[in-house]
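I opened this model to look up a few local details and jotted down what I found. My notes follow, in the order I took them.

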Amino acid sequence: MSVNSMDEILFSNNQQHLLNFWKDLSEDEQESFLCQLETINFKEANHVFNRAQSYIFEGIQKLDDHLKPVPPHKFEAELEIDAAVLDKYYVEGLKQISKGRVGVILLAGGQGSRLGVTYPKGMFPIDLPSGKTLFQIQAERIKRIQKVAEEKFGKVGKICWFIMTSQATHESTEHYLEKHSYFGLNKEDVVLFQQGLLPCFSFDGKIILDEKHSVALAPDGNGGIYKALRKNKILEFMRKREIKYVHVHSVDNILVKVADPSFIGYCVKKGADCGAKVIPKETPNEALGVVCEVDGKIQVVEYSEITDKTASLRDEDGNLVFRAGSICNHFFTTDFLEKAANLYEKELKPHVAKKKIPYIDENGKKIQPSIPNGVKIEKFIFDVFEFSENFVTWEVPRNAEFSPLKNCENVHKDCPSTCRRDLFELHKHYVKQAGGIVSCVELEISPLLSYAGENLEDRVKGKVFDTRTVLFSDEETVYNGLNGFKKCII
């Protein structure tokens, strides 16, 4: 595209100021800038800003009068249902896995800036005895549950692992997975794709220049998944692979049950097109969004949008009325994802953050603002819930399924040490259930040995674990003398 053609596009979208410094640029800078501008759909970007405009200067709106908890027929709790029913859900999920109908989308676009690193969270060294990272743990859980499904039904069903990266994480994630041979998964079953970027805007709707030859861009949020699925032809790939059900989760949860057969089976048995896995909120003001009904439609409401009085309401059993804490763990049919990508994505509510965004002023000088001067806009993955025709909610215990890695160690919450602690406590529970005797503080079980406590009894029953220990599967290589840790195949 020529610069004149681009100038016409910018003029028609009231963004012609972006070329104010064109003549100041070198040929290389002009070429690079033109390439960047060609990637932006300015009509769509303006549409997003115009939809966001009403939210920019609004205060937080309290929604108390519009809220109802998730209806009972759309809600089940794993710890409260009959064991036989839970087993039916579990077996149904394994059946779908064995038939190759299940895919997983990993949301891995975030860098570890709050962890104090500049690389993807999935690569963060959590300092487990095994040395495994989140990427490795999650890949191995996929491999293990495939094997469990195969043992149950005698069919080898492959789970395709789709990883949504960002411009900042794509290359390093791709290199890391290639270097480690996809942690035992087949290369053809691992598909990386990038989420999109949105321009940053001034309060009056002008796209901000970060440099004379560069527009200020920011990731479009995890709600960008729907556009990214369409743009990168991932939905077409899913159809070719005959994938019918998709589990979507964020990368930072060390306890996540990837392709959880119980969750998948529950959603399939209920005929759901969309579902959310939730945990009970510990306190009324815990910083978790709540899955609930707003004016008859399922939504996730941020804790800041509910007054303390409403957040503290309890039912006759003493449970919080609005207890369904959202943990970015979702189920979708591929049919629903296609509708979300093709019909609903443009209608998703834009979420606005007022920010101090460096910019080039009218004189070509780079300015570092001291107060917010513009907005970054993103979309949230759960904002499609309201379009679901059959939405369900699945409550799971926090200590078995949710421990996020978000902060550096000195925050003392949702940090590496809390992730390790929660993983060790869960794994010690598994070993005790299988008849082992545990007195050590740190015990880790390889995902290749056990997905969720199964396959342990023959190896641990009656045995004592009193030193820092890792239980590996037979297929894993054990190196002696690694930091003095006792690493066991038993």
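I began with a side-chain contact: a polar atom of the Gln15 side chain lies 2.9 Å from the backbone oxygen of Gly205. A reminder to myself that this is a predicted model.

Next I asked where Gln15 is found. I located Gln15 in the loop between helix H1 (3-12) and helix H2 (27-38). Is Gln15 buried or exposed? I noted a relative accessibility of 1%, and because buried means under 20%, Gln15 counts as buried. I then listed its contacts, setting aside neighbours within four places in sequence: Leu10, Phe42, Asn46, Phe201, Gly205, Lys206 and Ile207.

**Strand E20**

I moved on to strand E20 (residues 391-395), where I found five of the five residues buried, so the strand is largely enclosed by the rest of the structure. I recalled that side chains in a regular strand alternate between the two faces of the sheet. Here I saw Phe391, Thr393 and Glu395 pointing one way from E20, and Val392 and Trp394 the other way.

Which strands pair with E20? I found strand E2 (residues 75-77) parallel to E20 over three bridges, with Phe75 as the bridge partner of Thr393. I also found strand E12 (residues 274-280) running parallel to E20, joined by five bridges; Cys274 stands opposite Phe391 there.

**Positive phi**

Lys233, which is not a glycine, has a positive phi near 60 degrees, and I placed Lys233 in the loop between helix H7 (225-231) and helix H8 (234-240). Asn455, also not a glycine, has a positive phi of about 70 degrees. I found Asn455 in the loop between strand E22 (443-445) and helix H14 (457-460), partly exposed with a relative accessible area of 41%.

Technical notes:
Residues are numbered from 1 along each chain as its sequence is written. This is a predicted model: local features need pLDDT of at least 70, side-chain atom pairs count only at pLDDT 80 or more; totals for chains, interfaces and linings use all residues. Side-chain values use heavy atoms; hydrogens and water are left out. Helices (H or I, at least four residues) and strands (E, at least two) are DSSP runs, numbered from the N terminus. Buried means under 20% relative accessible area, exposed over 50%, partly exposed in between (1.4 Å probe, protein chains only). A polar contact is a pair of N or O atoms within 3.5 Å; within protein, one must be able to donate a hydrogen and the other to accept it, and residues adjacent in sequence count only if both atoms are side-chain atoms. Contact means heavy atoms within 4.5 Å. Two strands pair if DSSP finds at least two bridges between them.
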